[in-house]
Amino acid sequence: MTNRPTQLLPDPFVRRVADAIDESSLLAPGDRVVVGVSGGVDSVALLASLHTLASEPGRGYAITVAHLNHRLRDTADTDETFVQSLADALALPCHTGRGDIRQQAQTTGESLETAGRAARYNFLLAVAADVDAAAVATGHHYNDNVETVLHRILRGTHLRELAGMTPRRPLLGSEVQLIRPLLPLRREEIAEFAARAELTWREDHTNRDATFTRNALRHELLPLLADRFNPRIDDAIARLSQSARQAEAYLAAAGSALLAACNPAQPDADTLALDLPPLVDAEPLLRSYAMRQALEDFGAPMRHLGHARLADLDALLAAPAPSRLALPGGILAERSIDQITYRRATTPATT
């Protein structure tokens, strides 16, 4: 990468990144931000943009580069060296780490993609904590969001996941924000900017490997849908995502109001009690949102609480008192005459 921040400032791509940051309040002046850099064109373009904007009056971001070597391909060590050299050229601190993603996937039964994402986010959060950063920035963009929403439709999903990627969210439940300044920008726009700015990056040959789900969506299914059904399929899915995000925000607010009406009480760290009548009288959809919010607040492992378990929890409200239901994470839901109580069980419970 050429270290030319003043020359990149007028570039319309950099201005659009700045607009995305400002419109969604992704970064405040002087914020410390960790930039996840794989070495690919997306993350390199993100780093170039943020490094350029950091020199702009009123921004002054303090950037740390972070790279996790997944050790999944032959070029992994070379990619790590490339990112370190890139950071050195920009006079930026760089944190690197290594993980055995293949072994992790075998241990957990997850796909390589899922295991790699989990390891990467844990690593980035650790770096953010080490440098006291307010945010972690990743190079996710418009097309990534489209692919994510399509993947969720195919595997089965609910409204919240149809909303797709958000510009910012808490990283792994922490106070550190995961931000995506490139989310409004398309893959081709990123490539065009990289060429104009004379950036250098690493090509990942595994991006063409259709055995990975996201690659199959990108190179096989989306082109098929565009050719056979809708040449603007990307935009159609993006509009669906935006509509779902708006509906999700409305329903989440209504669910939070319902939860407040249940007078949540937490006599100790392992117990949360809710008044039952407001839940029983509410519409099923709002009831689901309120119970989901209560479980999130209680620290339940939401990734394991799918539609079926939430339906079981809803059925518990109509069951005769006393009744109870074991939930993932060692949580026991108990229904009494006028309350539903979540408790962290010391031993697995049975329904």
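**A walk through a predicted model**

Where does Asn69 sit in the chain? It belongs to strand β2, which covers residues 62-69. What does its side chain touch? The side chain of Asn69 makes a polar contact with the side chain of Glu80, at 2.9 Å. Now set aside the neighbours within four places in sequence. Asn69 is then in contact with Ala76, Asp77 and Glu80, and also with Gly97, Arg98 and Gly99.

Next, confidence. The protein chain has a mean pLDDT of 91. Of its residues, 96% reach 70 or more. One stretch to flag is residues 347-351, where the pLDDT is below 50. Beyond near neighbours in sequence, that stretch has six contacts in the model.

Now the helices. Two packed helices are described by the angle between their axes and the distance between the axes. Take α7 and α11. Helix α7 is residues 142-155, and helix α11 is residues 233-261. They pack at an angle of about 75°, and their axes are 9 Å apart. Angles of 65 to 115 degrees count as roughly perpendicular, so α7 and α11 are roughly perpendicular to each other.

Which residues make that contact? From α7 come Tyr142, Asn143, Asn145, Val146, Val149, Leu150 and Ile153. From α11 come Asp234, Asp235, Ile237, Ala238, Leu240, Ser241 and Arg245. Sort the contact of α7 with α11 by class, and you get eight nonpolar residues, three polar and three charged.

Here is a second pair: α13 and α14. Helix α13 runs over residues 284-297. The axes of α13 and α14 come within 11 Å and cross at roughly 110°. Parallel or perpendicular? That angle lies in the range 65 to 115, so α13 and α14 are roughly perpendicular to each other. On the α13 side, the contact is made by Arg287, Met291, Arg292 and Leu295. On the α14 side, Leu310, Leu313, Asp314 and Leu317 take part. By class, the contact of α13 with α14 has five nonpolar residues, no polar ones and three charged ones.

On to the loops. Follow the chain from α14, residues 307-318, to β9, residues 323-327, and the loop between them holds Pro322. Look at the peptide bond from Ala321 to Pro322. It is cis, with omega near -5°.

Buried or exposed? Gly329 counts as exposed, because its relative accessibility is 61% and exposed means over 50%. How far is Gly329 from Gly109? In sequence, they are 220 residues apart. In space, they are 18 Å apart, C-alpha to C-alpha.

Ser25 is in the loop between α2 (12-23) and β1 (32-36). Its phi is near 50°, a positive value in a residue other than glycine.

Leu172 lies in the loop between β5 (168-170) and β6 (177-179). Leu172 is not a glycine, yet it has a positive phi of about 55°. Leu172 is partly exposed, with a relative accessible area of 46%.

Terms used:
Residues are numbered from 1 along each chain as its sequence is written. This is a predicted model: local features need pLDDT of at least 70, side-chain atom pairs count only at pLDDT 80 or more; totals for chains, interfaces and linings use all residues. Side-chain values use heavy atoms; hydrogens and water are left out. pLDDT is the predictor's confidence in each residue, from 0 to 100. Contact means heavy atoms within 4.5 Å. Axes are lines fitted to C-alpha atoms, for helices over the stretch in contact, and angles run from 0 to 180 degrees between N-to-C directions. Helices (H or I, at least four residues) and strands (E, at least two) are DSSP runs, numbered from the N terminus. Angles under 35 degrees count as roughly parallel, over 145 as roughly antiparallel, 65 to 115 as roughly perpendicular and the rest as oblique. Ala, Val, Leu, Ile, Met, Phe, Trp, Tyr, Cys and Pro count as nonpolar, Asp, Glu, Lys and Arg as charged, and the others, Gly among them, as polar. A polar contact is a pair of N or O atoms within 3.5 Å; within protein, one must be able to donate a hydrogen and the other to accept it, and residues adjacent in sequence count only if both atoms are side-chain atoms. Buried means under 20% relative accessible area, exposed over 50%, partly exposed in between (1.4 Å probe, protein chains only).
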